[in-house]
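Me: I'd like to learn how to read a structure like this one. Could you walk me through it, feature by feature?

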Amino acid sequence: MARISLDPPNTLSYRIGTRFARRRYGTMLDPGAAVAHNTKVARSYALFELGVERWRALDRSLKDLAVMAAAASIGCAWCLDFGYWEATMNHKVPAEKIRAVPGWRDSDVFTELERLVLEYAEAMTDTPPSVTDEMVARLSAHLSEAELVELTAIVAVENLRSRINSALGLTAQGFKDRCEIPAGGPATGAAAAGTAAAGTAGQRPA
């Protein structure tokens with residue numbers, strides 16, 4: 001249960017943010033409602049996330065795997081729920097890969113580069129970080145310096161998100177449920193709503 005009210009003051013900026021979120025996701029995102037208690041924090045967070053959406057150097061699926069690895073390491077239930085939906089529905093990352101992230105070392109669904117990315121994301125998220133020279137050297141054999149910088153930055157961003165959300169007690173909001181399509185039939189109900197929303201969804205603005 002959230003440790004902070006998800007019913008913040010109904011300011012003009014919050015009403016605008018709510019309309020924006022509902023158009024993109026079908027609902028107000030709980031992290032947005034939580035940080036909206038502080039208008040300056042909420043505005044800065046939203047603008048920052050809009051900037052993060054414009055990062056284009058690194059392959060989107062690699063960033064999704066890195067984000068999920070960081071969220072799993074921290075144990076952010078909200079981020080894992082939203083991240084599963086965003087990666088599979090919007091970015092078309094195979095669901096079996098997203099499901100396998102928490103136990104990636106024992107899975108055979110990942111490429112060599114994906115495994116290096118997952119290892120790096122976990123090492124960055126450790127306290128203190130456990131990144132090594134060898135780890136970066138192995139990644140550098142596959143990624144340009146621009147891509148490596150973006151990978152590092154997106155893991156740091158997910159640490160920001162996951163630690164805020166976990167500290168405020170935010171839990172799964174039902175995004176993953178939208179991805180569950182009944183066998184042998186088209187998406188209906190929540191699944192259909194998720195498919196429709198995925199067409200315009202991007203990285204999570206506050």
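Me: Let's start with a loop. Where is Pro-128 found?
Reply: Pro-128 is in the loop between α7 and α8 (133-140). Helices here are DSSP runs (H or I, at least four residues; strands are E, at least two), numbered from the N terminus. The peptide bond from Thr-127 to Pro-128 is cis, with omega near -5 degrees. Before going on, note that this is a predicted model: local features need pLDDT of at least 70, side-chain atom pairs count only at pLDDT 80 or more, and totals for chains, interfaces and linings use all residues. Residues are numbered from 1 along each chain as its sequence is written, and side-chain values use heavy atoms, with hydrogens and water left out.

Me: Good to know. Which elements does the protein chain hold, and how many?
Reply: The protein chain has 10 helices and zero strands. Read from the N terminus, the order is α-α-α-α-α-α-α-α-α-α.

Me: How do I read the way two helices pack, say α4 and α5?
Reply: Axes are lines fitted to C-alpha atoms, for helices over the stretch in contact, and angles between N-to-C directions run from 0 to 180 degrees. Under 35 degrees counts as roughly parallel, over 145 as roughly antiparallel, 65 to 115 as roughly perpendicular, and the rest as oblique. Helix α4 (residues 60-74) packs against α5 at about 165 degrees, axes 9 Å apart, so the pair is roughly antiparallel.

Me: Which residues of α4 and α5 meet?
Reply: Contact means heavy atoms within 4.5 Å. From α4 come Asp-64, Met-68, Ala-71 and Ala-72, and they meet Cys-79, Leu-80, Gly-83, Tyr-84 and Ala-87 of α5. By class (nonpolar: Ala, Val, Leu, Ile, Met, Phe, Trp, Tyr, Cys and Pro; charged: Asp, Glu, Lys and Arg; polar: the others, Gly among them), that's seven nonpolar, one polar and one charged.

Me: And α7 with α9: at what angle do they cross?
Reply: The axes of α7 (residues 112-125) and α9 (residues 145-167) come within 10 Å and cross at roughly 50 degrees, so these two are oblique. Handedness is the next thing to read: a crossing is left-handed if the near helix is turned anticlockwise from the far one by less than a right angle, and right-handed if clockwise. α7 passes α9 in a right-handed crossing, whereas the crossing of α4 and α5 is left-handed. Among the α7 residues in the contact are Val-117, Tyr-120 and Met-124, and the α9 side includes Leu-148, Leu-151 and Arg-163. The classes here are eight nonpolar, three polar and one charged.

Me: What about cysteines: how many disulfides are there?
Reply: A disulfide is a covalent bond between the sulfur atoms of two cysteines. In a model, look for a pair of cysteine sulfur atoms within 2.5 Å; this structure holds zero.

Me: Is Cys-79 buried or exposed?
Reply: Buried means under 20% relative accessible area, exposed over 50%, and partly exposed in between (1.4 Å probe, protein chains only). Cys-79 is buried because its relative accessibility is 1%, and Cys-179 is buried too, at 14%. Over the chain's 206 residues, 44% count as buried.

Me: Last one: which loop holds Lys-92?
Reply: Lys-92 lies in the loop between α5 (77-90) and α6 (95-100). Its phi is positive, about 60 degrees, although Lys-92 is not a glycine. With 64% relative accessibility, Lys-92 counts as exposed.
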